[in-house]
Every structure is written in structure tokens, then in C-alpha cells.
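Look at the fold below before reading on. The report then takes its parts one by one.

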Amino acid sequence: MLIKVFGSAVFGVEATTITIEVNIDTGIGYHLVGLPDNAIRESSFRIAAALKNVGYKLPGKKITINMAPADLRKEGSAYDLTLAVGILAASKQIKGEDINEYLIMGELSLDGSLQPIRGALPIAIKALEDGFKGFILPNQNAKEAAIVDGLEVFGVDNIREVINFFDGKGVLEPTIVNTREEFYKKLDFPEFDFADVKGQESIKRCMEIAAAGGHNIILVGPPGAGKTMLAKRLPSILPPMSLHEALETTKIHSVVGRVKEHVGLMSQRPFRSPHHTISDVALVGGGAYPQPGEISLSHNGVLFLDELPEFKRGVLEVMRQPLEDREVTISRAKFTVTYPSSFMLVASMNPSPGGYFNDPDAPVTSSPAEMQRYLSKISGPLLDRIDIHIEVTPVPFDKLSEERKGESSVKIRERVTAAREKQTDRFQKLPNIHYNAQMGVKQIREYCKMDETSKTLLKTAMERLNLSARAYDRILKVARTIADLEGVDKVSGNHISEAIQYRSLDRDGWLG
């Protein structure tokens, strides 16, 4: 008897429906075709043990299973439940009249219980598009899949529940998630808050400007100055994610199985902080069957690179194109996958191998030549994509011992959100530009016009501080963001003078 059941395969952040045809005929044997990988080939052992332990068995006949389309490679253990249900229906151990109305996925344990799968959200979206009545999957992934409105999602703990459901002996309760309520109730409770930061008022101001304009930022300072602490709090002042952004972000994390169990939509912007020993493939994504890398996992959030000069130069250079295009394309001989990667880059570094500025009172001092050699590990083209450079100095004792709390992240985010709304209105006719950091030369000339006083100020600063040519556009972009935070339309001399302060690494003689 021939039965068709349905599963799904995930490529990139999109899913493809897989038709699993199970045919049982006279003879003996178990034949699985349709480009399955080793994990799927081993499924026969898991299925046989699971069925036996719930009171069923593999039929002692010739079982032929085809996973169509047969030229598309399938991988992972998530097809165990699909194959098991297909075998039971084809051997008439369970009823299979409406089995083709459901998409079924799940990894089986030997006792018949189910383990979580990857990619539940993109699979649920595809199931809705293809008109399936419902989606049966492990209970741990149910809330994640239930984000999709219009599709009945049934979370199950054991294959016995699925068998009873198709036999009419039991009822599965659909998982219902109020997506908007789940999303909005978590927005105003950030894990890390700027209220906990003592002192560092100038750096907080700098982080606010970076968040308001989407500017990449690098923090330069000695150990213990608070660079990592400040970076971890940046996502808390970024504008709240829209539902569309949250869905996009959750899809990427779902593909690699990083969505926490029993959690639906991600409401907080991601913060990724890879170690400096990371490989280029782990950073941008890849592998024989490409998976998202750290830059895609930080999509719509923050990618923090601590101790930037310690990263291998080749690893840093592969980021240049994704920083510009906001997406990364991974090509293989048979297919190409594109992952979104629109993130804010936050980097930190010590000014020298010893960790301190050229200060005779420092515990470990370095000469200007050593500092220059250390800083030169970061290439010009990468530094060119970082709008704000800021020096972070240690916090004095009287600030550390203060009882008074600083301004909260929620208050700062209100100003950042208002500035971003101005930018959204300004760039509404430009599909690929959403905030100031993405402006090109044409937009800079149009939206960052200076009066004569501002021009004179910028010219003087560039000549006296020996600022590089690349600093010119960056200063204007940052000045435009400072003006947006103030709620004014024109860039003035005050905005230019503040923006000039944020180009430390461009200054000739900065090292002393």
C-alpha cells in the first residue's frame, strides 16, 4: 500500500515541503531513497525501537521510502516522526485518511518521546503557504511555530499521542500564542541597563548617538575601563524591534536551533560576542551545507568584537562586504544561499599590547611605535566602515562609589526611537536606506548641508588635527544624527564640533 506524508527541509532561512512516499509490498527489506544523509539513514533503528516500546512494530515486509524531490539533499533527524507515521499508515496499523492534511516533523527517542527540531518557524510559514491544515511537531518547538497565524500547531511529547490522534482515540490541543501580547510585554525590561553604569557620561552620550544613527563604533581604552559593560548595554537603547524584524530574526535563530525551548517570538535585539579565535566561516556562515554565521545571528542587533586586533586579519576582512550590503551570500557548486546580516558593529580594543596608553604611570607601558604597530593590525578599509571612534578612560573612585543611579535605558531609548522615526520619514522613498549610517555620498550632500560657519569649523579641524579624507563623510553622518537627536532639521556648528571628537583614530599624532 502506498501512503504519502509530508515533512519539510530548510535551506537558508526558507523551507521546502518534502513529500515522503511510503510503499509496503511483498518481500523483505528497508530501502530509503531521495538523497538522505546518514542521520536519516540511521532513522530505521530509532523508529523500530520507538514503535516497539509503544506497542507497535515495523512490518516484516519490503518497505520502500522515497523523499521527493529526490534530487534535493535532506539532512537531520527531524524526519523520524514523519517516516514512522508513514510506515504505520502504509501498513494499516493506524488510519491514514486525513494524514496528508498535516505536516509532521520530529526526532524520535528510543522510548517514543520526541526531541526538538531546528527550523520550526520557517517550516510553519511554509506549511501555511502550502495550505496544510496543521503542523505536528515536538512540544518544545510548539510556541515557536505557533507564532504563525492561521495554522493549527500541535505540540506532542510522544509518538503515541500522534497515533491516537490519527486513530481517533485522542485529541490534540492546538498551541495558541498571542504574538503581539508576547512581543510587547517584554520590550521594556532589558537584561542590561545603562542605569547600572557609574560615570562614563561622555561614552553613554556616544553610544546614544551610535544607536540613534545605526553607526558602527569602536571603543579604545585600557583594561577595566568598562568597554565590554557598555557594549552589552547597547541593545537596550536601540529602538524596539518591529514585528517584521522580530520574525526575521527568529527565523535565523530557528534555523540553527538557537531559539530557547517554549519561547515564541524573539522580542529583544540579539547581542553576539564571538571569541577572537573564531574562523571566517563561523563568522560569516558557511560549511558544506551552509549555516548562518555570527553576523547573521546578530541581524537586527549588535555584533560585539572584543579585542579587535587579536582577531585574525582574514576573519576581519570577510566582514567588509556584509557591512556594506547588509547581507551575505554563500555559494556552492549546486546552490546559493543568502542570509540577511544587517547589524551594528561594536568593537573594543586596548591601545597597545600592554593594554595601556603611552603613560609612564601605567603598570605596563608601551612605546608609540609598539602602539602604532598594534593598531595597524586593523586595516584601513575596515576602519573606514566604523563611523565613531571613542577613547574610554577608567572611572574614578568617587564615581564608582556613588549611590545615585544613572539614566535608565528606557529613557535613552525614547530619544533614540524619536531620532530613528525622523530618519524613517526622511528616507521613506529610498528602499535600501533606513537610517543615517547607510547614507551614500548623494544623500550626505542633500541632507547634511552646512552653513559657512560649519564649513570653516570643519576645514580648520581637518587641517589642525590632520584628519584623513575618509573622516569627512563620517563626521557629517554623525553630525546629522546629533541634529536628529536634538530634533532640528539643519546641521549646525555645534553638531559638527561634537562629531569631530568621535574620530580619535584618524587624528595624526593621536599616539603622542
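Ile24 stands opposite Ile63 in E4. These two residues belong to a pairing between E2 and strand E4 (residues 62-68), which is antiparallel and has seven bridges. Two strands count as paired if DSSP finds at least two bridges between them. Strands (E, at least two residues) and helices (H or I, at least four) are DSSP runs, numbered from the N terminus.

E2 also has a partner in E1. Strand E1 (residues 2-11) and strand E2 (residues 14-25) run antiparallel and are joined by 10 bridges. Ser8 stands opposite Thr17 in E2. Two residues lie between the strands of this hairpin, and Gly12 takes a positive phi near 65° there.

## What kind of model this is

The model is predicted: local features need pLDDT of at least 70, side-chain atom pairs count only at pLDDT 80 or more, and totals for chains, interfaces and linings use all residues. Residues are numbered from 1 along each chain as its sequence is written, and side-chain values use heavy atoms, with hydrogens and water left out.

## The whole chain

The chain has 22 helices and 18 strands. Its C-alpha atoms fill a box of roughly 90 × 50 × 45 Å, taken along the principal axes. Of its 512 residues, 53% count as buried. Buried means under 20% relative accessible area, exposed means over 50%, and partly exposed is in between (1.4 Å probe, protein chains only).

Contact means heavy atoms within 4.5 Å.

## A parallel sheet

Five strands form an open sheet with parallel pairing, in the order E11-E14-E17-E10-E18. Strand E11 (271-272) and strand E18 (388-391) are the edge strands, and each pairs on one side only. Strand E10 (residues 217-220) pairs with E18 in the parallel sense over four bridges. In this pairing, Ile217 stands opposite Ile388 in E18.

## The largest pocket

How much space lies in the largest pocket? The value is about 1000 Å³. The lining has 40 residues, and the closest to the pocket centre are Ser342, Arg420, His434, Tyr435 and Gln438. A pocket is found on a 1 Å grid over the protein atoms alone: it is an open set of points with protein on both sides within 12 Å along at least five of seven lines, whereas a cavity is a set where a 1.4 Å probe fits but cannot get out. Lining residues have an atom within 4 Å of a point. Points are joined across faces, edges and corners, and the volume is the space filled by probe spheres set on them.

Four helices each supply at least two lining residues: H10 (243-255), H14 (320-325), H18 (409-426) and H21 (470-486). H18 gives the largest share, five residues. By class, the lining has 13 nonpolar, 15 polar and 12 charged residues. Here Ala, Val, Leu, Ile, Met, Phe, Trp, Tyr, Cys and Pro count as nonpolar, Asp, Glu, Lys and Arg as charged, and the others, Gly among them, as polar.

## Cysteines without a bond

A disulfide is a covalent bond between the sulfur atoms of two cysteines. The structure holds zero disulfides; the cut-off is a pair of cysteine sulfur atoms within 2.5 Å. Cys206 is buried, with a relative accessible area of 0%. Cys448 is buried too, at 3%.

## Arg205

Arg205 is found in helix H8 (residues 201-213). This residue counts as partly exposed because its relative accessibility is 26%. Beyond its neighbours within four places in sequence, Arg205 is in contact with Ile482, Leu485, Glu498 and Tyr502.

## Backbone details in loops

The peptide bond from Ala68 to Pro69 is cis, with omega near 0°. Pro69 is found in the loop between E4 and helix H3 (80-90).

Leu35 is not a glycine, yet its phi is positive, near 60°. Leu35 lies in the loop between strand E3 (29-33) and helix H1 (38-41). Lys92, also not a glycine, has a positive phi of about 60°. Lys92 is in the loop between H3 and strand E5 (102-104). Is Lys92 buried or exposed? Lys92 is exposed, because its relative accessible area is 63%.
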